[in-house]
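Here is a short report on how two chains meet. Look over the sequence and the structure, then read on.

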Amino acid sequence: MKALVGGSDDRILGFTMIGSEAGEVMAAVQTAMLADLPYRRLRDAVIAHLTVAEGLGPALANVPPGSAQ
Amino acid sequence: MCAADPANEVSVTVRTPSGEQEIEGSDILVAAGRVPNTAGIGLDEAGVELDDRGYIRVNERLETTAPSVWAIGECAGSPQFTHVSVDDFRIIRDNLAGGKRSTRDRLVPYCLFTDPPLAHVGLSEARSATPGRHRARRAVADERRAADSRRRTKRKAS
């Protein structure tokens, strides 16, 4: 998983994934993008275990600090 | 030149100015590209203009240069995905009913159904790095690590 987040705001700008169920995980991120949801809402979401999409939390936890924080 | 063997391995020999190079792999994928099938069907007589590459010229509401004629999908130059053609249809349907929908700023995802699949939506890292774009932050996760963690949890649970 790879996510691009705005440098001056917390919006998700892009998402790429290679792995099982990548298209399904992408739909969750796309929904957040359409809603202009700050990436932290998705990062902190409680996503059901045992799913591929639960990897979004740890992935987005790697976003480095930006000027929005 | 290409050779296949029963072990499901293929090799391709590429002739380049600097000599031959052999590439080995499991499969060969050929991307031949597509051209719009718009020539010789009388579009000019109907007043429907094409662009330099043969795509039907449309505005962002998918209206052609002829009044009350719309174009949809690949032949109108839309991104070549089934889901985009479906969205083109929805735009025309709603505009026929008096709406003002357009193709501008739509978020178009794609999924390549390789094994494992590749999915992408929005800006790519390369595009975000082009001059004039705002600075972006990047987060990377290793799916293999996530899968290992899932397997460990599964083992614990069983």
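## Where chain A meets chain B

Strand E2(A) and strand E5 (residues 118-122) of chain B pair in the antiparallel sense over five bridges. Two strands pair if DSSP finds at least two bridges between them. Within this pairing, Phe15(A) stands opposite Val121(B) in E5(B).

This is a predicted model, in which local features need pLDDT of at least 70, side-chain atom pairs count only at pLDDT 80 or more, and totals for chains, interfaces and linings use all residues. Residues are numbered from 1 along each chain as its sequence is written, while chains are lettered from A and ligands numbered from 1 in the order in which they are written.

Now the wider interface. In total, 32 residues of chain A are in contact with 27 residues of chain B. Contact requires C-beta atoms, placed from the backbone, within 7 Å. On the side of chain A that touches chain B, these elements give two or more residues each:

| Element of chain A | Residues |
|---|---|
| strand E1 | 2-6 |
| strand E2 | 12-18 |
| helix H1 | 22-34 |
| helix H3 | 56-60 |

Helices (H or I, at least four residues) and strands (E, at least two) are DSSP runs, numbered from the N terminus. H1(A) gives the largest share of that side, seven residues.

## A residue of chain B

Leu112(B) lies in strand E4 (residues 110-112) of chain B. Leu112(B) touches Pro117(B) and Leu118(B), not counting residues up to four places away in sequence. Is Leu112(B) buried or exposed? Leu112(B) is exposed, because 12 other C-beta atoms lie within 10 Å, and exposed means 12 or fewer.

Note on methods
Contact = placed C-beta atoms within 7 Å. Buried ≥ 20, exposed ≤ 12 C-beta atoms within 10 Å, placed from the backbone.
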